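Here is a briefing on one structure. Look it over before reading the points.

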Amino acid sequence: MIVTIDGVAASGKSSVSSGVAQALGVPYVSSGLLYRAVTLLGLGAGANLADPAALLPLLSGVRLEPLASGNRVWNADHDLTADLHSTRVDTGVSVVAALPEIREWVDAQLRALPAPLVAEGRDMGTNVFPHAPHKFYLTASPHVRAERRARERPEDIPAIEAALTERDRLDTTQSAPAPDARVIDTGPLTLKGVIDTILNDLR
Ligand SMILES: Nc1ncnc2c1ncn2[C@@H]1O[C@H](COP(=O)(O)OP(=O)(O)OP(=O)(O)O)[C@@H](O)[C@H]1O
Ligand SMILES: Nc1ccn([C@@H]2O[C@H](COP(=O)(O)O)[C@@H](O)[C@H]2O)c(=O)n1
């Protein structure tokens with residue numbers, strides 16, 4: 001069984017997916033971490049982030065470790081995970097994610113994973129796992145998302161909100177909800193409330 005949980009930036013996808021996966025006793029996979037890893041490696045190599053030919057050779061050692069408690073991304077034996085959520089990576093990642101060659105590479109990593117799993121991102125329900133029987137799409141206003149993120153980052157709420165709105169804009173192409181997804185506005189809900197809504201739907 002595959003459950004897809006897509007949504008806009010900082011809508012709670014990874015926290016919710018982790019909670020749902022732990023309740024179901026299956027792993028979850030965060031596709032955004034793979035796009036972030038490509039971006040981090042590209043920045044580290046001084047590569048042009050819009051040039052797939054410069055990025056693809058950097059990816060041969062990249063591996064996602066999907067766990068219910070939290071994903072890790074490795075480049076050979078180097079754990080990249082702690083460096084994937086910086087403002088620098090946030091700023092570059094949408095450029096990388098717009099490249100069809102990189103999307104193909106990410107999709108292949110994800111489709112190679114064994115089910116059951118919970119898959120989260122932007123296009124899990126529309127493109128990567130279109131036949132998944134259970135699909136969800138998380139939203140919340142930019143302000144609510146920025147308030148939540150401000151608890152994790154040093155930037156102030158208006159700066160975070162502006163960056164999230166810009167990332168939403170750049171990610172529009174791959175971020176449409178699947179027609180058969182249940183859309184959940186997480187704004188009025190607690191994290192547990194969102195997880196319970198999904199678990200109740202699955203039952
Ligand atoms: N319903 C909720 N109520 C309150 N806080 C929430 C809720 N959902 C998520 N959060 C908090 O919002 C923040 C962002 O959540 P999370 O990182 O899971 O989002 P995301 O969609 O995976 O983000 P990104 O797209 O940047 O990877 C976290 O601090 C998380 O604890
Ligand atoms: N299925 C996906 C997942 C992510 N992206 C791109 O990666 C960026 C980071 O993703 P987060 O989930 O960690 O926010 C995101 O802004 C997208 O550019 C994607 O295109 N498709």
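Predicted model: local features only at pLDDT ≥ 70, side-chain atom pairs only at ≥ 80, totals over all residues.

Residues are numbered from 1 along each chain as its sequence is written, and chains are lettered from A and ligands numbered from 1 in the order in which they are written.

**Overall build**
- The protein has nine helices and eight strands. Both are DSSP runs numbered from the N terminus: helices are H or I with at least four residues, strands are E with at least two.
- Its radius of gyration, taken over C-alpha atoms, is 16 Å, close to the 17 Å that the globule rule gives for 203 residues, so the protein is as compact as a globular protein of that length. The globule rule is 2.2 Å times the number of residues to the power 0.38.
- Along the principal axes, the C-alpha atoms fill a box of roughly 45 × 40 × 30 Å.
- Buried residues account for 39% of the 203. A residue is buried if 20 or more other C-beta atoms, placed from the backbone, lie within 10 Å of its own, exposed if 12 or fewer, and partly exposed in between.

**The sheet S3-S4-S5**
- Three strands form an open antiparallel sheet in the order S3-S4-S5. Strands pair if DSSP finds at least two bridges between them.
- Strand S3 (62-65) and strand S5 (78-79) are at the edges with a single partner strand each, so one side of each has no neighbour in the sheet.
- Four bridges link S3 to strand S4 (residues 72-75). Glu65 has Arg72 in S4 as its bridge partner.

**Shell around ligand 2**
- The shell holds 15 residues; Gly32, Tyr35, Ala97, Gly121 and Arg122 come nearest. Near means a C-beta atom, placed from the backbone, within 6 Å.
- H2 and helix H4 (87-97) each give two or more residues. H2 gives the largest share, four residues.

**Backbone details**
- Most residues other than glycine have a negative phi, and most peptide bonds are trans.
- A cis peptide bond joins Ala115 and Pro116, with omega about 5°. Pro116 sits in the loop between helix H5 (100-111) and strand S6 (117-121).
- Ala10 has a positive phi of about 60°. Ala10 is buried, with 26 other C-beta atoms within 10 Å.
- Ala76 also has a positive phi, near 55°. Ala76 lies in the loop between S4 and S5 and is exposed, with 8 other C-beta atoms within 10 Å.
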